Amino acid sequence: MQGTNTKTTETAKTQGVTEESSCDSRALRLKADIGDTGKGGTFMKLISCNANRPLSEAIADHLDCPLTDAEVKNFSDNEIFVRINENVRGEDVFVIQSTSRPANDNLMELLICIDALRRASAARITAVIPYFGYARQDRKTDGRTPISAKLVANLISASGTDRVLTMDLHAGQIQGFFDIPTDNMIALPVMVDDIQRRMGSEKLMVVSPDVGGVVRARSFAKRIGADLAIVDKRRPEAGKSEVMNIIGDVEGRKCILVDDICDSGGTLCNAAAALKEKGATAVSAYITHGVLSNNAVGRIEKSVMDELVICNTILPSEADQKSKKLR
Ligand code: R5P
């Protein structure tokens, strides 16, 4: 168990850190990087809620730092209960939880877990939210509508979180909804690496599936030395999208659609159809968050899109994992 049987090494002493017997030198280096929390803690604890346990396990494995023993479960009336089964007093704690579907249950798990840690005197609590749900409600779209992304940010701060670590926020400015430090990591380097390994020498065209994604797509295109095209998308109503125009010449080109979210799949499927109509030879899509609601994968299977590559911020269902077009 971490936090027990602590010994101090010579190297560690000079860096002002201690070595837990269960962690190897990689973890020790990380510990030195993180340093003292300034509140009495010296290293990190990782806690997983239930939204995406395989991702938490992969993170723990990568860091050589075991997940802290914690119960995050439901009472029979569906209320959530959390118990941290290890001492976290003075510790630097990272709670891993995407607020993906079921968004409200997953959000409550995160809030209650943070409350439990705060009351157990953790020194610093970082909410690691690989997928930040509610992000698309980041402004009033009409009279008498909420800004739910701001409300969720307030709830996370109020629960006692010191810091937020998230990934590819739907809009970068959501960082400003938090009055605590917020880091917004990007998946772009991992995607670029994958594209370069698999399609290195091909003449590619990066495509933004809507005007809102142009900044992301442009930096993507720059990184892989490709041209940029833009889909002029219109949303007649929530959950439905139509392609009006394609800006850029995609004839004879292999296209890569890049976006933060694939929800119903409508945006990507429609864009892929329009690109092929304009002469694209192949269409792949690289997406950070596979929300994949409403039979999105069925829609993608039937579409002309050749492949959809998604990061693991959200755990896909077993059925979705079987899709040949999903990677
Ligand atoms: C919208 O601005 C987002 O970046 C995505 O394009 C959108 O959420 C995808 O939704 P759907 O898959 O339902 O078309």
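Analyst: The side chain of Thr182 reaches the backbone oxygen of Ile180 at 3.0 Å, a polar contact in the sense of a pair of N or O atoms within 3.5 Å, where within protein one must be able to donate a hydrogen and the other to accept it, and residues adjacent in sequence count only if both atoms are side-chain atoms. Thr182 lies in strand E9, residues 182–185, and counts as buried because its relative accessible area is 13%, the cut-offs being under 20% for buried, over 50% for exposed and partly exposed in between, with a 1.4 Å probe and protein chains only. This is a predicted model, in which local features need pLDDT of at least 70 and side-chain atom pairs count only at pLDDT 80 or more, while totals for chains, interfaces and linings use all residues. Residues are numbered from 1 along each chain as its sequence is written, and side-chain values use heavy atoms, with hydrogens and water left out.

A polar side-chain atom of Arg136 is 3.1 Å from an oxygen atom of the ligand, a polar backbone atom of Asp263 is 2.8 Å from a ligand oxygen, and a side-chain N or O atom of Ser264 is 2.6 Å from a ligand oxygen. The protein covers 89% of the 380 Å² of accessible area that the ligand has on its own, by the Shrake-Rupley method with a 1.4 Å probe.

Helix H8 has twelve residues and reaches 16 Å from its first C-alpha to its last, close to the 16 Å expected, that is, 1.5 Å times one less than its number of residues. Its buried residues include Thr267, Leu268 and Cys269, and Cys269 has a relative accessibility of 9%. The structure holds zero disulfides, taken as pairs of cysteine sulfur atoms within 2.5 Å. For Cys269 the nearest cysteine sulfur, that of Cys262, is 7.0 Å away. Just after H8, Gly279 takes a positive phi of about 100°.

Conventions: Helices (H or I, at least four residues) and strands (E, at least two) are DSSP runs, numbered from the N terminus.
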